[in-house]
Amino acid sequence: MTRFWTRLIVVLTAILGLNYVSWRWTASLNWDAWWISVPLVLAETYSLIDVMLFGMTVWKLKLRKGAPEAPHDATVDVFITTYNEPLDMVLATARAAQRIRHPHSTWILDDGARPELKTLAEQHGLGYVTRGEDWTDRPRHAKAGNLNNALMVTHGEFLLILDADQVPEPDILEKTVGYFNNRRVALVQTPQYFNNVPADDPLGSQAPLFYGPIQQGKDGWNAAFFCGSNAILRREALMQLGLVGYVKETEKSIRRALAASRSAIRHARKSADRESPLIARVLDEVEAATLEAQRQMDDGGPLGEITYRVRRRVDQAVQALVMADVSALQADLEEIAAMELAHVGEAGVPVVADDAVKRMSARDWSPLGALESVQAVLDALSVERNDEAQPVMPLATISVTEDMATAMRMHAMGWESVYHHEILAYGLAPEDLKTMLTQRLRWAQGTIQVMLRENPLVQRGLKLGQRLMYFATMWTYLSGYAAVIYFAAPIIYLLLGILPVASLSTDFFIRFVPFMIVNQLLFAVAGRGISTWRGQQYSLALFPTWIKACSTAARNVWFGRPLGFAVTPKARQSGGPSWSLIRPQIVVAVLLAAAAVVGLVRLAAGLAEPLGTLINVAWVIFDLAVMSVLLRAVRYKGFESVVESKPQERKSGGV
Amino acid sequence: MEFSYEIKDSYAEVKANGRLNMVSAPKLREFVTDVIAGGSSRIVVNLENTAFMDSSGLGALIGCLKAARQAGGDLRIAAVQPQVKMVLELTSMDRVLTSYASAEEAFSHD
């Protein structure tokens with residue numbers, strides 16, 4: 001029944017929303033004030049697309065009945081990822097993981113390589129993994145790298161991934177592993193729930209809408225995605241992903257190298273001594289080798305063979321070059337000996353041994369090293385992926401949120417995912433605003449990185465519904481720009497009397513009001529009693545974070561600038577309220593309040609319309625109510641548990 | 001690669017700064033030939049700032065030795081860095097070219 005009503009409201013929202021926004025575009029714009037009216041209508045269009053994507057998500061809401069029984073012989077590795085979390089926290093999680101009932105082995109993946117933790121792990125019979133030497137001076141890829149490293153030294157068929165603070169229930173595997181009886185399932189995600197959050201959730205830590213209707217809706221489209229923790233993954237799917245990625249990356253880098261080779265050789269010819277026939281000859285040989293490789297690439301030849309042939313051909317040319325150097329040198333020595341034998345020594349003219357020639361031809365001492373750009377091309381013509389610690393990287397490394405990127409690639413390869421709506425692990429949320437902001441920034445940056453690097457709308461292998469489901473999550477992170485406009489519009493009206501809408505007539509109200517009503521109704525019905533207000537507040541109030549995430553991620557993807565990435569600290573940051581963290585919001589709030597006062601004064605003085613003023617003052621009050629959450633957040637002193645904080649009964653949705 | 005020279009009391013000191021490789025080797029040969037043509041046949045190649053040498057660089061050095069000997073002088077090397085020392089030992093050229101600790105020492109005994 002709920003499903004019927006949800007779908008009915010989705011349809012109504014779409015019809016009324018399209019009706020309103022198309023009227024806004026075609027008949028209501030105040031062109032005299034285009035600089036605010038066009039941004040506002042764009043922001044409204046953004047919001048309409050957002051709500052329609054939400055409607056599409058809940059359209060297919062999937063309420064699962066629970067997993068079939070897990071086969072007892074399924075082998076599972078439990079990975080607890082840690083970097084700098086307190087040792088007792090990591091150990092508590094690991095000890096709880098040991099108590100999981102389904103047969104498994106438990107591993108601590110310590111990216112901090114702490115000897116104390118290693119000792120503790122040994123004492124408690126826990127596996128302990130750190131990065132090997134291969135990772136020195138190579139990209140570490142944060143958590144994705146940590147997991148990829150561990151995948152190479154373990155062998156369970158399935159992997160339960162837990163953040164250091166996520167204490168699992170003993171039945172977490174019994175409840176989930178059975179889903180993998182379906183051979184196409186690669187991922188089972190369970191909710192992330194936090195114990196240290198008071199009922200009013202001042203930092204918006206719990207995400208009941210996301211770990212609820214949104215993931216359930218995505219599940220209906222086979223697009224529920226991996227959220228980094230409290231999830232079980234199929235090793236085979238991950239390894240397949242790693243191998244496909246390896247081949248793709250290698251082919252890409254070889255093609256790139258071949259494309260660059262022509263100009264590298266041309267430059268080398270120009271810059272090198274033109275008189276030197278040796279250089280010219282070697283360059284000819286390199287060119288011939290790369291052209292042949294290009295031909296073989298175009299014919300779809302095997303990469304291993306192609307790169308091996310190039311290397312052999314160039315090696316031979318280099319060896320010939322060294323031999324030529326050496327024989328010239330030998331000839332010189334003989335002439336010198338003929339001139340003045342005594343100086344050369346009693347043993348006669350020294351002869352350069354064959355293995356010396358070989359050594360002098362090796363990559364690090366090769367004369368070809370003089371032509372750096374050419375050497376770089378040749379180095380890239382390889383299948384070893386020397387720039388990475390391990391050639392096969394199962395978890396995606398294109399984003400700081402490796403989880404979503406990995407899930408999307410799995411879906412693109414035809415794997416299926418499951419969202420199991422039952423809390424099976426209890427974690428710790430940030431307890432102060434600063435840490436919370438760092439965490440949100442990181443999620444947003446990661447999501448935007450994926451959008452810019454592997455836009456779901458154009459990924460081959462994804463179904464249309466899956467594309468839109470991934471895109472919907474990315475789209476919500478663009479809300480910072482819309483928020484700025486929603487704050488600016490009432491300020492501009494109340495201070496200057498400029499209305500972005502041509503007129504506040506009946507035409508406006510009969511279109512706008514019904515849309516707003518069904519819009520709110522949709523959240524109420526789809527959320528089935530969940531409070532979504534906190535989420536709505538934060539999606540607007542954190543506008544500076546969202547904007548910063550978009551700009552830093554874009555700079556990172558397009559210009560290779562660093563993100564300024566930080567690991568979210570799990571321990572509370574000390575100190576008093578840090579108002580400076582929300583300076584932009586304070587400025588906006590003051591402007592809003594001042595604008596409301598000015599607007600009312602203008603109304604009293606007969607300078608402003610009563611209706612316009614009233615609507616805009618109401619708008620200001622709404623904006624201030626939205627941002628009021630930050631007042632609580634900034635003063636929040638952390639969680640104080642009154643009783644044992646674990647709920648007596650598990651929160652459970654559909655299952 | 002940068003070359004420079006300085007006429008000292010009894011010899012000319014040639015400094016080779018950078019990597020003595022396939023590209024720069026012919027230039028060293030040319031440079032030293034010019035110095036010899038200018039009248040100095042006792043040459044010290046100061047390798048203090050030569051971090052790297054390949055087979056072409058080595059060949060050039062021997063070529064310069066030959067030119068110096070033909071002009072009735074000699075060529076010596078000084079202040080050899082680790083990689084260059086390895087190359088000299090590997091090819092047993094250290095039996096032909098003794099490396100002196102400094103340019104001043106190279107001709108100090110004759």
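Begin in this predicted model by selecting two sets of residues in chain A: A:S253, A:R256, A:A257, A:A260, A:S261, A:A264, A:I265, A:H267 and A:A268 in helix 7, which meet A:S373, A:V374, A:V377 and A:A380 in helix 12. By residue class, this contact between helix 7 and helix 12 of chain A comprises eight nonpolar, four polar and one charged.

The crossing of helix 7 of chain A past helix 12 of chain A is left-handed.

Now display the contact between the two chains, to which chain A contributes 28 residues and chain B 20 residues. On the side of chain B that touches chain A, select helix 2 (residues 55-70), which gives the most, with nine residues. That side of chain B as a whole divides into nine nonpolar, seven polar and four charged residues.

Four helices and six strands are found in chain B, and their order along the sequence is β-β-α-β-β-α-β-α-β-α. The radius of gyration of chain B is 12 Å, close to the 13 Å that the globule rule gives for 110 residues, so chain B is as compact as a globular protein of that length. Along the principal axes, the C-alpha atoms of chain B fill a box of roughly 30 × 30 × 20 Å.

Technical notes. Residues are numbered from 1 along each chain as its sequence is written. Chains are lettered from A and ligands numbered from 1 in the order in which they are written. This is a predicted model: local features need pLDDT of at least 70, side-chain atom pairs count only at pLDDT 80 or more; totals for chains, interfaces and linings use all residues. Two residues are in contact if their C-beta atoms, placed from the backbone, lie within 7 Å. Ala, Val, Leu, Ile, Met, Phe, Trp, Tyr, Cys and Pro count as nonpolar, Asp, Glu, Lys and Arg as charged, and the others, Gly among them, as polar. A crossing is left-handed if the near helix is turned anticlockwise from the far one by less than a right angle, and right-handed if clockwise. The radius of gyration is taken over C-alpha atoms; the globule rule is 2.2 Å times the number of residues to the power 0.38.
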